[in-house]
Amino acid sequence: MPILTVKLRQGEQRRIPFSAGSSLRDVLDATEVRVRSGCRGMGTCGLCRVRIEVGNVDLPSFNERLLLDSDELEQGIRLACQVRPEQDLRILLLAPAPKSHWRSFPEKPEQTRGCDPVLPPVELAGHGATPYGVAVDLGTTHIRLSLFELVGGKWLAGRYGLNPQVRYGSDVMTRLVAAAESPVQAQDMSRQIVDAIGEALFDLAVREGIDIRQVVRLALVGNTAMLALLSSRNYQLLLHPKHWVSCVDCLPEKAGDWAGRMGIHPEASIELLPPLAGFVGSDLLAGLLATGLVESGAGSLFIDFGTNSEMALWDGREFWVTSAAGGPAFEECGISCGVPAEPGAIYRVRLDRGVFAYDVISDTEPHGLCGSALVDLIACLVRSGQLSGMGRFISPAPAEGFLLARGKRNIFLSKRDVDMFQRAKAAIGAGIQVLLGQAGMETEGLRRICVGGAFGRFLDIANAQEIGLLPEIPAERIELCGNTALAGCAEVLLFKTAVGRLQALGTRARLINLSRCPDFEGYFLENLFLRPIGKQG
């Protein structure tokens, strides 16, 4: 993979691997080293200036010849959105963008082919103004959103960032308790989400040159707790197990009031898609819609990894659905060495002739592990005999744990990190076994597994199976599907029929409360071991 070396004005350098044919603007936008922009990469604003120092690129485009004079072109100054390198390149960033908490998606979603959206009856200022729609995935740890043209379904841009409610707790139960203790805290949590969506949209407006007042429709999915905390309705019910598999009314009475604070059209339609039950949210239904699981035939399993991990098994007639407390182990905030899958994150770990090696996003100084590297590292430690199947370090290790990398920040895997991962993956494994049992199926009957969530972006399937995170079936039957919640939410935004299909999926669901399953505790203890699911010691 070619490398882009970026020289910053402070004298620093960044090395960023990229796919040949991507524009420099897109390559930079997936990192925190962004370039100024105001035209969505169309080459009309002239802001994204860089200087080519080493490497060959195509001749200047028509837009570049219009916006840059001959002296600038002679000096190697180009527009980042117009340059699509094929080989290694070194550039000087002339116009860095202000730092932001929001990041562009590392990969663009597939473009929708045709659409038939619901267009709210609102008037847009300006002749021929294009109505926009926004799909939002409200996760426990992250918020992700995509902006579309409603007529034609063209994807325009996307952003993701941390859910600001993290200050009240990394898991949903801690936040629910905080909200129940104080109405002031509950209102603050709701405001934080509305304001965060507004900030992400503002970032889009500034960098992409988009008038977000043309957003006339916003659809949002999330787990039930996040929806309840956003609307400040019935979140107290979720603290009681009797409501976990029953319908909870957590939709806001006046969601339209948020439009002004988000900066979108004052009469925009804001729709929160209803959850299935107390701890099975609309994000699961959106994932089932996006993956087309019901069309796959019996033996199709969907797992959406996250702080609240949700699962659904299709037996050919109905879905067996449950959720498991993955906790923060699948998110960077729950592991001592955890970081998001961004530049500087170790995303792959391997054992090469007894020596641990790793790959880092953007090939920079590593500062932590993202989720896929955590799975790799634990699998390699078990395989090398340094970590037992019970999760105990066998060889003498420092009090901090296993040292993977030295640097400005030494990267250790601690015993607590291993314990947290074991509990998370044990809950997932037990949930899968309970669903299989309820459906009268065996692991061998699984024909398709869809892995949803950003956690699975770089996941090594063999390593995940070896330590019991995924069932042992042929790897070609397992699909890493990315953010299925956001993809399903986009379908609701762009197709009139999607809401009906979503509701139809809900009518076929059989909800399972793991806390009331007599076999769950035994399965959980069995799955604490770092070995394949269902394998006895």
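Biologist: Is K7 buried, exposed or partly exposed?
Modeller: In this predicted model, K7 is partly exposed, with a relative accessible area of 26%.

Biologist: Which side chain does K7 meet in a salt bridge?
Modeller: That of E53, at 3.2 Å from N to O. K7 sits in strand β1 and E53 in strand β3, 46 residues apart. E53 is partly exposed too, at 27%.

Biologist: How many salt bridges does the structure hold?
Modeller: 27. One of them joins R217 and E271, with the closest N and O atoms 2.9 Å apart. R217 lies in strand β9 and E271 in strand β10, so the pair ties together parts that are 54 residues apart in sequence.

Biologist: And R217, buried or exposed?
Modeller: Buried, at 5% relative accessible area. E271 counts as partly exposed at 24%.

Biologist: Which residues are linked in a network of salt bridges?
Modeller: R25, D26, D29, R34, R159, D203, R207 and E208.

Biologist: Switching to pockets. How much space lies in the second largest pocket?
Modeller: About 950 Å³. Its lining has 41 residues, and D26, V27, A30, P106 and E107 lie nearest the centre.

Biologist: Which element gives the most to that lining?
Modeller: β8, with 5 residues. The residues of the lining divide into 19 nonpolar, 9 polar and 13 charged.

Biologist: Last topic, the surface. Which residues form a nonpolar patch there?
Modeller: F62, L66 and L67, with about 310 Å² of accessible area together. F62 is in helix α2, residues 62-67.

Biologist: Why does F62 count as exposed?
Modeller: Because its relative accessibility is 55%, and exposed means over 50%.

Definitions and conventions: Residues numbered from 1 in each chain as written. Predicted model: local features only at pLDDT ≥ 70, side-chain atom pairs only at ≥ 80, totals over all residues. Heavy atoms only, no water. Patch = residues over 30% accessible without salt bridge, like charges linked within 9 Å, V, L, I, M, F, W, Y side chains within 5 Å. Areas by Shrake-Rupley, 256 points an atom, 1.4 Å probe, with all protein chains shown as cover. Salt bridge = Lys/Arg side-chain N within 4 Å of Asp/Glu carboxyl O. Helix = DSSP H or I, 4+ residues; strand = E, 2+ residues; numbered from the N terminus. Buried < 20%, exposed > 50% of the residue type's maximum accessible area, 1.4 Å probe, protein only. 1 Å grid on protein atoms, 1.4 Å probe; cavity = no way out; pocket = protein on both sides within 12 Å on 5 of 7 lines; lining within 4 Å. Points joined across faces, edges and corners; volume = space filled by probe spheres on them. Nonpolar A, V, L, I, M, F, W, Y, C, P; charged D, E, K, R; others polar.
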